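Here is a short briefing for a reader new to this structure. It is grouped by topic.

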Amino acid sequence: MTSPSETPSRTRADAAASPETAAPAVRSVFALKDFRYVFAAGATSKFGTQISYLAVPLLAVTELDASTGQVGALAALSTLAFLLIGLPAGAWVDRMRRRRLQITADVVRAVLFGSVPVAWWYDALTLYQLYAVVLVGGVATVFFDVANQSFLPHVVGRERLGEANARLMSAEAVNSVAGRGAGGYLVQLITAPLAIGVNAATYVVSALCLLRVRRPEPAPKRQPDRHLGKEILEGARFVLGHPLLRPIALEGAATNLAVQMSLTLLPVLFVRELRLSEGLLGAYLGLGGVGAFLGSLCARALGRRLGHGRSMWVIGLAVAPMGALIARLDRGPALWIAALAWLAITFKIGSDNVIKVTARQELTPDHLLGRMNATFRFLVTGALAVGSLLAGLLAELAGLRAALWTGAGIMAVSWLLIFFSPLRSMRELPKA
């Protein structure tokens, strides 16, 4: 809600740009029609993405007989775009209308993933086509994600960012349960290629929802003396030079690196080494969605109770030993212990996604939102590509378990990046 002490100091232009100030009687962010469409678009596309998250590596393992190194390469290519174009994407997003860019990205992803079941039907599917689909689809995802997080403050206003992010992250967590669980069962029922076709359809639905958003988006300011390199550097300097944003970015990258090393190898561990079913793998990964959902629900309360800065490292310390339990995953009791550890890790991820994303948006002025989000995506999501490649390489050279233990070690110390920063004892974070 808009604070009474803030309202008189806002200009008329600010009031016109903020849905909350224009309509202070609104009690829930869902009362904003445009947010409902943005929410529906994100929830639908994320549901489909979670299906392919499981279906693509399973397709590679079961249909194309991919090795652990090839599975690692496939996972890396899906996020490599964040390393290749993540930084310039932020500068480009700041020059474009963000809703239109998201719709274009959805259409591109629908065509790409829709090509997989078509090629499979004609017995023409190859591992190289999968490589191309996930790589180019990753490029579209870069633009969609950066534009989406930069578009949200325009839709709901800065005063409702915490609530809006909590709703979006809760939906994403639910989709992790439903999408990954559905992915495992769809692979069993209709095969992996057709499950990926379901993902393609969700991108079409997402684009249609975004077309219904009616709130006018201001045209980006055109400056003839703009230079792409300088704009990229300005965004990177803002994040890496900021005493609060820098530790958030580095800790997020370290956590993602560690988690991705485990996730990349789980399909191989479950299906090939332990001879467990795809459905059980989907249920295991879906349990992580429960953890993320609970974390997103508890995030705002934890931030108020512990302090927004302090909660970031306290939760990280609490889950530091959990990676070791996943590295010991096996049949029998070890499977259930690892599942509970995965639940705890994803609880941290869910709370982080609310507290840290809101902090990022609140600490950044409007004209730098795209570049800030792109810099974060470059570091945090780029770490996924590095983690996937590292997992595949270590699994080939030292064995699958050695790769899992390496990820566990990184996870055990990543919280120290927040602890040794000004965030350690902060209760409230400053705003832009």
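Buried means under 20% relative accessible area, exposed means over 50%, and partly exposed lies in between, with a 1.4 Å probe and protein chains only. D65 is exposed, because its relative accessibility is 62%. The model is predicted: local features need pLDDT of at least 70, side-chain atom pairs count only at pLDDT 80 or more, and totals for chains, interfaces and linings use all residues. Residues are numbered from 1 along each chain as its sequence is written, and side-chain values use heavy atoms, with hydrogens and water left out.

**Positive phi in loops**

- Most residues other than glycine have a negative phi.
- D65 is not a glycine, yet its phi is positive, at about 55 degrees.
- D65 sits in the loop between α3 (33-62) and α4 (68-84).
- Helices here are DSSP runs (H or I, at least four residues), numbered from the N terminus.
- R275 also has a positive phi, near 60 degrees, and is a residue other than glycine.
- The loop between α11 (245-273) and α12 (278-306) holds R275.
- R275 has a relative accessible area of 63%, so it is exposed.

**Aromatic pairs**

- Two rings of Phe, Tyr or Trp (its six-membered ring) pair if their centres lie within 6.5 Å; planes under 30 degrees apart count as stacked, over 60 as edge-to-face and the rest as tilted.
- The count by this rule is 11 aromatic pairs.
- One of them joins W415 and F419, edge-to-face, with 5.8 Å centre to centre and 70 degrees between the planes.
- F419 and F420 have ring centres 5.1 Å apart and planes at 90 degrees, so this pair is edge-to-face.
- Ring pairs link W313, W415, F419 and F420 into a cluster.
- Within that cluster, W415 is buried because its relative accessible area is 14%.
- F420 is exposed, because its relative accessibility is 62%.

**Surface patches**

- Patches are made of residues with over 30% relative accessible area and no salt bridge; like charges are joined within 9 Å, and nonpolar side chains (Val, Leu, Ile, Met, Phe, Trp, Tyr) within 5 Å.
- A salt bridge is a side-chain nitrogen of Lys or Arg within 4 Å of a carboxyl oxygen of Asp or Glu.
- Accessible areas come from the Shrake-Rupley method with a 1.4 Å probe; for residues, only the protein chains shown count as cover.
- V118, W121 and Y122 make a nonpolar surface patch of about 430 Å².
- W121 belongs to helix α6 (residues 98-121).
- With 65% relative accessibility, W121 counts as exposed.
- K33, R36, R212 and R214 form a positive surface patch.
- Lys and Arg count as positive, and Asp and Glu as negative; His and the chain ends are not counted.
- A charge is placed at NZ of Lys, CZ of Arg, CG of Asp or CD of Glu.
- R212 lies in the loop between α9 (192-211) and α10 (228-241).
- R212 is partly exposed, because its relative accessibility is 44%.

- V187 is in helix α8 (residues 161-190).
- V187 is buried, because its relative accessible area is 10%.
- V187 and E278 are 91 residues apart along the chain, and their C-alpha atoms are separated by 7.5 Å.
- I349 is in helix α15 (residues 333-363).
- At 23% relative accessibility, I349 counts as partly exposed.
- I349 and N256 are 93 residues apart along the chain, with 9.3 Å between their C-alpha atoms.

Technical notes:
Helices (H or I, at least four residues) and strands (E, at least two) are DSSP runs, numbered from the N terminus.
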